[in-house]
Amino acid sequence: MTQKYALFFAVQNLLLLLQPLSAPHKTCLNRCSLDGLYNAILFFFGNKIIMKVLHLYLIFLIALFSVSCNNSRGKKASQGKLSQSKSDVLKVAVMPTLDCLPLYLAQERGLFHTDSLDVKLLFYTAQMDCDTAVLRGHVDVVVTDLVRAERMKSQGLNLQYLTSTNLFWQLFSNRSARIKTIKQLGDKMVAVTRFSGTDYLLTTLVDSSKLKNEVFHIQINDINVRLKMLLNNEIDAAFLPEPQATMARKNNHYMLLDTRDKQVELGVMAFNSKKVGSKRKRMLLNTFVKVYSQACDSLNANGIQPYRDILKKYYQLDDKVIQMLPNLKYKKVAMPRENDIQRAKQF
């Protein structure tokens, strides 16, 4: 019975030795397990030759345990470095609109991945999804419009402007609806994004036109879905940015309004100052702005036609649509105009 008990005790201590342990009892418990295992086997076998073998086996177990501890410490250290490297990445929420083209150009030409800068673009097809990402802290920078940005600021987000952008919209009516003027929009459905630049523009447009019948603001946030609804005759009219506006024009839908004629500039790029609070992140942000400015200069110098590879990759455009795109000019980095900010605040 004594020998059986010793064997059971040896096996029990061996299992205890090999199971994962948590600090601060790891060292103490494993030493107790080694001592118990050693004494039990010594009692059970009692042979000098066997004991020498067991001595070597125990030394092997101790060495194995040491390597395991070192690997654990090394894993924690590598995880710490990985966490630190993630914090050194500037995350930017973007849309499939041409105001984001300088960012795609910088991405494709490797300007966002250097020793002094690492930028990750996160892609969304709805402006509200971009804004939700920055509200929840998933991104540092967002490409949006002033109406959306001022609304987020009113909700407590520490949002600061980096630069205005060349974002604009065109209002298209469905060709089957036979709407040729703004006054014909009464009792019609117009696709917009709620609490956004398009919502503001439609509201001011209707108020100034003094329509007799109500115009229905239909919330279609996904810009690609909005375009498809217009192309499939599922909506009376829709506000579209580029390149979606060119795709509507290609399919013979009628343009009622170009917001550039209204002298309203609502496009903006902003950052969460709480997320970009560290010295390292501020340095990344400054470098990011410089690279963005360089990309804008390249587009202004060369036009957008030479970058067909980028237009096809990020916008899924064919050659015919690319050929029809307007020759856009990209602004130098500058803060949004105060009168545009005030318009957005008052909406």
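**Helix packing**

Analyst: Happy to! Helix α4 (residues 101-108) packs with helix α10 (residues 279-302) at an angle of about 100°, their axes lying 9 Å apart. The model is predicted, so local features need pLDDT of at least 70 and side-chain atom pairs pLDDT 80 or more, while totals for chains, interfaces and linings use all residues. Residues are numbered from 1 along each chain as its sequence is written, and side-chain values use heavy atoms, leaving out hydrogens and water.

User: Is α4 roughly parallel or roughly perpendicular to α10?

Analyst: Axes here are lines fitted to C-alpha atoms, over the stretch in contact for helices, with angles from 0 to 180 degrees between N-to-C directions. Under 35 degrees counts as roughly parallel, over 145 as roughly antiparallel, 65 to 115 as roughly perpendicular and the rest as oblique. The angle is about 100°, which makes α4 and α10 roughly perpendicular.

User: Which residues of α10 make the contact with α4?

Analyst: Contact means heavy atoms within 4.5 Å, and helices are DSSP runs (H or I, at least four residues), numbered from the N terminus. From α4 come L101, P102, L103, L105 and A106. On the α10 side, the residues are F288, V291, Y292, A295, C296, S298 and L299.

User: How many of the residues in the contact of α4 with α10 are nonpolar?

Analyst: Ala, Val, Leu, Ile, Met, Phe, Trp, Tyr, Cys and Pro count as nonpolar, Asp, Glu, Lys and Arg as charged, and the others, Gly among them, as polar. The contact has no charged residues and 1 polar one. The nonpolar count is 11.

How values were computed: Helices (H or I, at least four residues) and strands (E, at least two) are DSSP runs, numbered from the N terminus.
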